[in-house]
Amino acid sequence: MRTTTEAQRSPAARAGETVAGRRGRAAGKAEPALSGPPQASLPDAPSVAVTTVRMLRVDEGLYALRIGTIAGDLGEIAGMVVPVAQVSAPFAEDGNGVEIVASFPRRGPWLEKAGGTVILRSPTGGGLVIVTVYGGSEEEASELALDLQRLDGPGHGVAATGRTDAQPTAGTPAAAEARDVPTEILLHIERAGDRLFPGRGWVGALGRRMRIEAFSIRPLERLVPADIEMKGFLPNGGETPWVPGGVLCGTRGRGLPLTGFAVRVVAQRAERFEVVYQGSFFAGGISQMQQNGAPCQATTPDDPLEAINVRLIERAVDPAGTATAG
């Protein structure tokens, strides 16, 4: 029950009182003040300069691009060691540009000051590759040594043997220039088993890091398998005996990769024929060319073999055709 005094207070007064109360309470809550020193601006990013840019046209095929030592003082900018080179391929509208298959001594498109090798696969019609060198802002523009070598096709990228001409003898026509003897190569590859390849250019899993555990080479013309011999090198200094062509050299099912190999022609045929070869290894990349029984191994101990490139060469064509395939 309301008193007379309460009844005489108008609703408007009560409403005003309520609004005023709310305003008073709101006024009691202090707004947060903007205080403290102004925020400092972000520091300038460390300066990296492009010191060299080279663009290469690469015809269709498989290539090794060797990049020499990169000029410039060794340093670090924002955690990145410089100088450093990046190998890249421009975007292709059809999605069929040059592919970087593998790189050594480290994986990926970046190479450190010591340089390295990049394996490239160029599509039909060829493509472009760009090599960019980054260094400190104070570095001057510099030259960059590049060597592009084809690994497949005619000559298989083997430049060490060159051309050999036989000297004609009295009463016989001039002999023709040296030629390759066709072969087939059997590889036992981890996780893939036995795989048979025509012996032209690189065979195996180049750039895919799948270990070769055994191999066999068989001539298809001019020589019989027993005219060549093979040896395999295994981890921890192990090696196989010399075995004749056509016989598997290495192991199956033991998980032992080959860490090197060698091939030679038997002494009775060595005057007319020779063999040259190189290997690709997980860490060491593509080896130097070897020939006629010299060991082909990586510089790093126990580095697994992933691909081989073998050429069997006849120094001169024998018009009489005395040798036959086995």
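**Notebook: salt bridges, strands and cores**

I started with a search of the whole structure, and it turned up 12 salt bridges. For me a salt bridge is a side-chain nitrogen of Lys or Arg within 4 Å of a carboxyl oxygen of Asp or Glu. Before going on, I note that this is a predicted model: local features need pLDDT of at least 70, side-chain atom pairs count only at pLDDT 80 or more, and totals for chains, interfaces and linings use all residues. Residues are numbered from 1 along each chain as its sequence is written, and side-chain values use heavy atoms, with hydrogens and water left out.

**Entry: ion pairs**

I looked up Glu 184 and found a salt bridge to Arg 218, with the closest N and O atoms 2.9 Å apart. This pair links distant parts of the chain, since Glu 184 is in strand S12 and Arg 218 in strand S15, 34 residues apart. Helices (H or I, at least four residues) and strands (E, at least two) are DSSP runs, numbered from the N terminus.

Are these two partners buried, exposed or in between? Glu 184 is partly exposed, with a relative accessible area of 22%, and Arg 218 is partly exposed too, at 26%. My cut-offs: buried is under 20% relative accessible area, exposed is over 50%, and partly exposed is in between (1.4 Å probe, protein chains only).

Next I checked Arg 252, which forms a salt bridge with Asp 194; the closest N and O atoms are 2.6 Å apart. That one also links distant parts of the chain: Arg 252 sits in the loop between strand S18 (249–250) and S19, Asp 194 in strand S13 (residues 193–198), and they are 58 residues apart. Arg 252 counts as partly exposed at 44% relative accessibility, and Asp 194 is partly exposed at 32%.

Then came Arg 191 and Glu 190, a salt bridge whose closest N and O atoms are 3.5 Å apart. Here Arg 191 is exposed, with a relative accessible area of 68%, whereas Glu 190 is buried at 14%.

I also found a network of salt bridges that links Arg 179, Arg 222 and Glu 314.

What is its phi? Arg 222 has a positive phi of about 70°, although it is not a glycine. I placed Arg 222 in the loop between strand S15 (212–219) and strand S16 (228–233). At 11% relative accessibility, Arg 222 counts as buried.

Asp 302 is another non-glycine residue with a positive phi, near 60°. Asp 302 lies in the loop between strand S23 (296–297) and strand S24 (305–314), and it is partly exposed, with a relative accessible area of 38%.

Where is there a cis peptide bond? I found one joining Val 82 and Pro 83, with omega about 0°. Pro 83 is in the loop between strand S4 (80–82) and strand S5 (84–88).

**Entry: strand pairing**

Strands of a sheet pair through backbone hydrogen bonds, either parallel or antiparallel. I count two strands as paired if DSSP finds at least two bridges between them.

I traced an open sheet of four strands in the order S13-S12-S15-S18, with antiparallel pairing. S13 and S18 are the edge strands, each pairing on one side only. S15 and S18 run antiparallel and are joined by two bridges. Phe 215 stands opposite Cys 249 in S18.

Then I turned to S19. It runs antiparallel to S16, with six bridges between them, and Glu 229 stands opposite Arg 264 in S19. S19 also pairs with S23 in the antiparallel sense, over two bridges; Gly 260 stands opposite Gln 297 in S23. Five of the six residues of S19 are buried, so S19 is largely enclosed by the rest of the structure.

**Entry: cores**

Last, the nonpolar cores, each a set of buried Ala, Val, Leu, Ile, Met, Phe, Trp, Tyr and Cys residues joined through side-chain atoms within 4.5 Å. Which residues touch the most other members of the largest core? Of its 32 residues, these are Phe 215, Phe 261 and Ile 308. The elements that give two or more residues to this core are strand S12 (183–189), S15, S16, strand S19 (260–265), strand S20 (273–281) and S24. Another core lies apart from it and has 16 residues, among them Leu 56, Ile 70, Leu 120 and Val 133.
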